[in-house]
Amino acid sequence: MNDLYKGMVFMITLFIGMNIFSSCGSSDDEDNSRIDIGPDSQSSKYILKRTYSNGSSIWESVYAYDSESRVIKIAETHTNGNRTTSATKSYVYGGNTIISKNVGDWNDGEVHTFTLSSGLIVRNVESAIGKNAYTYNYVYDDRGYIKSLSFADDSEFSLSGFMQFIWTDDNLTKIIKSWDSGSLTTTTISYSTIPWPKNWFQYWDGSNMDEELNPIGAWGKMPKYLPTKFTSIKSNGNSEEWSVDYTLENGDVTKMVCKDSNGSDTEVYTLVWGEIPK
């Protein structure tokens, strides 16, 4: 995952939720089953473009879809002052695998190989030329909510980490993240009354879960509502808090403004929704 939307990445560091530990094994057989992710599953609107700005730094992503309404390409540009860079991310879908690949000015050659079981991603192997490979394993509860993930790399240091996701009333309300370094971060989340849009993208910090796969249910069920506050407390006593305000037009979230509690950082996201071009 690139640094795009990194501030939101903090807020979003909360998606996955689950129950206690019952793992989902991978299968070599094709498995096209899907979990029902909500009553608005017939929504015909999708995110066609998203722009993120923070001061002079502007990121723009344009999304292309296939005939099954799945993201197949993301064209990204980053402008900072008079310097512009670009990259392209593509997806290839198989029976029980999804492969994404980055080509361009950042993360060039990075490949994610996702393994699915019963329509849910249970493993993600991230590899790139000249870099250590990382393996992420995801566990879901029997209701279809993600509840934990673990990761490890193939370096001589064998780094590892673990995340636990706690759900309350169908919303992800707490994330506990622990890394090899011994650091522990606990994030609590508060919610609005705005229903979670069916085709919404959102990345959860540290999860290495491609947000573009949310709409097809590959990461299980999403929260019931959109979050409005993220409060993170680290084991060393440091804390951070972000608030989120949404602008809706004709029922679509077209703008988000994210602010940290001390007023030193503001991030603005604008979204363009529409039907997938035929």
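**View 1. Aromatic pairs, with Trp59 and Trp106 as the example.** A search of the whole structure finds 11 aromatic pairs, where rings of Phe, Tyr and Trp (its six-membered ring) pair if their centres lie within 6.5 Å, and planes under 30 degrees apart count as stacked, over 60 as edge-to-face and the rest as tilted. One of them joins Trp59 and Trp106 edge-to-face, with 5.0 Å from centre to centre and 80 degrees between the planes. Because Trp59 belongs to strand E2 (residues 57-65) and Trp106 to the loop between strand E5 (97-104) and strand E6 (111-117), the pair ties together parts that are 47 residues apart in sequence; strands are DSSP runs of at least two residues, numbered from the N terminus. Both Trp59 and Trp106 are buried, that is, under 20% relative accessible area with a 1.4 Å probe and protein chains only.

This is a predicted model, in which local features need pLDDT of at least 70 and side-chain atom pairs count only at pLDDT 80 or more, while totals for chains, interfaces and linings use all residues. Residues are numbered from 1 along each chain as its sequence is written, and side-chain values use heavy atoms, with hydrogens and water left out.

**View 2. The ring cluster of Phe114, Tyr138 and Trp219.** Ring pairs link Phe114, Tyr138 and Trp219 into a cluster.

View 3. E5 and E6 run antiparallel and are joined by five bridges, where two strands pair if DSSP finds at least two bridges between them. Lys101 has Val111 in E6 as its bridge partner, and Val111 in turn has Ser127 in E7 as a partner. Strand E7 (residues 120-127) is antiparallel to E6, with seven bridges between them. The hairpin of E5 and E6 has six residues between the strands, and Asn107 there takes a positive phi near 50 degrees; the hairpin of E6 and E7 has two, and Ser118 takes a positive phi near 55 degrees.

**View 4. The antiparallel strands E2, E3 and E4.** E2 pairs with strand E3 (residues 71-80) in the antiparallel sense over nine bridges, while E3 and strand E4 (residues 83-93), which also run antiparallel, are joined by eight bridges. Ala75 in E3 is the bridge partner of Val62, and Ala75 also stands opposite Thr88 in E4. In the hairpin of E2 and E3, with five residues between the strands, Ser69 has a positive phi near 65 degrees, and in the hairpin of E3 and E4, with two residues between the strands, Gly81 has a positive phi near 70 degrees.

Note on methods: Helices (H or I, at least four residues) and strands (E, at least two) are DSSP runs, numbered from the N terminus. Buried means under 20% relative accessible area, exposed over 50%, partly exposed in between (1.4 Å probe, protein chains only).
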